[in-house]
Amino acid sequence: MADEKQRKQARAAFQALCEMLEEKDWHYEKDAENFFIICGAQGEDLPMKIRIEVDAERQLIMLLSQIPFTIPEDRRTALAVAVSAANNGMIDGSFDYDYLGGDIVFRMTSSFRDSLVGKDLFEYMLLCSCFTIDRYNDKFLMVAKSDMSYEDILNFID
C-alpha cells in the first residue's frame with residue numbers, strides 16, 4: 001500500500017496529466033481517487049481508446065491502449081510475427097500480444113520515483129503513443145484479414 005509521500009507524488013503527477021489534457025482541449029473521464037483517466041483519439045483509420053494511470057505504490061505512469069479487434073485463431077501466429085516486427089527497434093512503448101486470446105495492447109510506462117513530473121512528459125507519452133498506435137493498428141488488421149506469408153508480413157510492417 002502506498003504511503004502518504006507516494007500518494008502526494010502520484011497526486012501531483014495526476015494533476016499535471018489533467019492540466020495537460022485540459023490545455024490541449026482533450027475530452028477525458030477521470031477517476032481522481034484512483035489516479036486514472038480514460039480518453040480516446042481518432043487516427044487515420046481506427047479509433048484509439050487510451051487509459052493513463054498513475055500508480056502511487058509502484059511510482060509508475062502507465063498508458064494502455066487496446067487495439068479494437070481480436071485476432072482470429074488461424075492468424076495468431078502471423079500476428080505474432082507482425083507484433084514482433086513492430087516492436088523491434090521501437091524506442092518507447094511496445095505492443096503486448098496475448099496469443100491465446102488474440103488481443104493486442106499498446107503499453108508505455110514511465111517511472112516518477114523521487115521525481116517531479118511535468119505536463120511535457122504526459123504530452124510526449126500521449127502523442128508518441130497515438131502516433132505509434134495509428135502507425136501499426138491498421139497494419140495489424142490487414143495482416144489479420146489476409147493470408148500474407150511471414151516474409152510478406154515482415155516487409156509490410158517495416
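Predicted model: local features only at pLDDT ≥ 70, side-chain atom pairs only at ≥ 80, totals over all residues.
How many bridges join strand S2 to strand S3, and in which sense do the two strands run? Select residues 47–55, which form S3, together with S2: 7 bridges join them, and the strands run antiparallel.

**The whole chain**

Begin by displaying the protein as a cartoon. Its secondary structure comprises 4 helices and 6 strands, arranged along the sequence in the pattern α-β-β-β-β-α-β-β-α-α. Along the principal axes, the C-alpha atoms fill a box of roughly 55 × 30 × 25 Å. Of the 158 residues, 44% count as buried.

**The sheet**

Next, select the strands. The 6 strands form an open sheet in the order S1-S2-S3-S4-S6-S5, with antiparallel pairing. At its edges stand S1 and S5 (94–98), each of which pairs on one side only. From one strand to the next, the twist averages 25°.

Now follow the sheet strand by strand.

- Select residues 28–31 (S1) and 36–42 (S2): these strands pair in the antiparallel sense over 4 bridges. Glutamate 29 stands opposite isoleucine 38 of S2.
- Select the turn of the hairpin formed by S1 and S2, which has 4 residues between the strands. Phenylalanine 35, in this turn, has a positive phi of about 60°.
- Return to S2 and S3, which are joined by a hairpin through 4 residues. Here alanine 41 stands opposite methionine 48 of S3.
- Glutamate 53 has methionine 62 in S4 as its bridge partner.

**Helices on the sheet**

Select helix H1, residues 4–23. H1 lies across S1, S2 and S3, and runs at about 165° to S1. Then select helix H3, residues 119–145. H3 also packs on the sheet, where it touches S2, S3, S4, S5 and S6 (103–111), and its direction makes about 160° with that of S6.

Keep both helices in view. H1 and H3 pack at an angle of about 65°, and their axes are 8 Å apart. Their crossing is right-handed. To see the contact, show the side chains of Ala13, Ala16, Leu17, Glu19, Met20, Leu21 and Glu23 in H1, and of Lys119, Phe122, Glu123 and Leu126 in H3. By class, this contact has 7 nonpolar, no polar and 4 charged residues.

In soluble globular proteins, nonpolar side chains tend to be buried together. Select Ile52, Leu79, Phe95, Ile104, Phe122, Leu126 and Phe140: within the largest nonpolar core, of 51 residues, these touch the most other members. H3 supplies the largest share of this core, 10 residues.

Centre the view on isoleucine 52. Apart from neighbours within four places in sequence, isoleucine 52 is in contact with Leu17, Phe35, Phe36, Ile37, Ile61, Met62, Leu63, Phe122 and Leu126.

**A last stop in H1**

Finally, select glutamine 6, which is found in helix H1. Is glutamine 6 buried or exposed? Glutamine 6 counts as buried because its relative accessibility is 16%, and the cut-off for buried is under 20%. Not counting residues up to four places away in sequence, glutamine 6 touches Met1, Ala56, Glu57, Gln59 and Arg113.

Definitions and conventions:
Residues numbered from 1 in each chain as written. Heavy atoms only, no water. Axes fitted to C-alpha atoms, helices over the stretch in contact; angles between N-to-C directions. Left-handed = near helix turned anticlockwise from the far one by under 90°. Contact = heavy atoms within 4.5 Å. Nonpolar A, V, L, I, M, F, W, Y, C, P; charged D, E, K, R; others polar. Pairing = 2+ DSSP bridges. Core = buried A, V, L, I, M, F, W, Y, C linked by side-chain atoms within 4.5 Å. Buried < 20%, exposed > 50% of the residue type's maximum accessible area, 1.4 Å probe, protein only.
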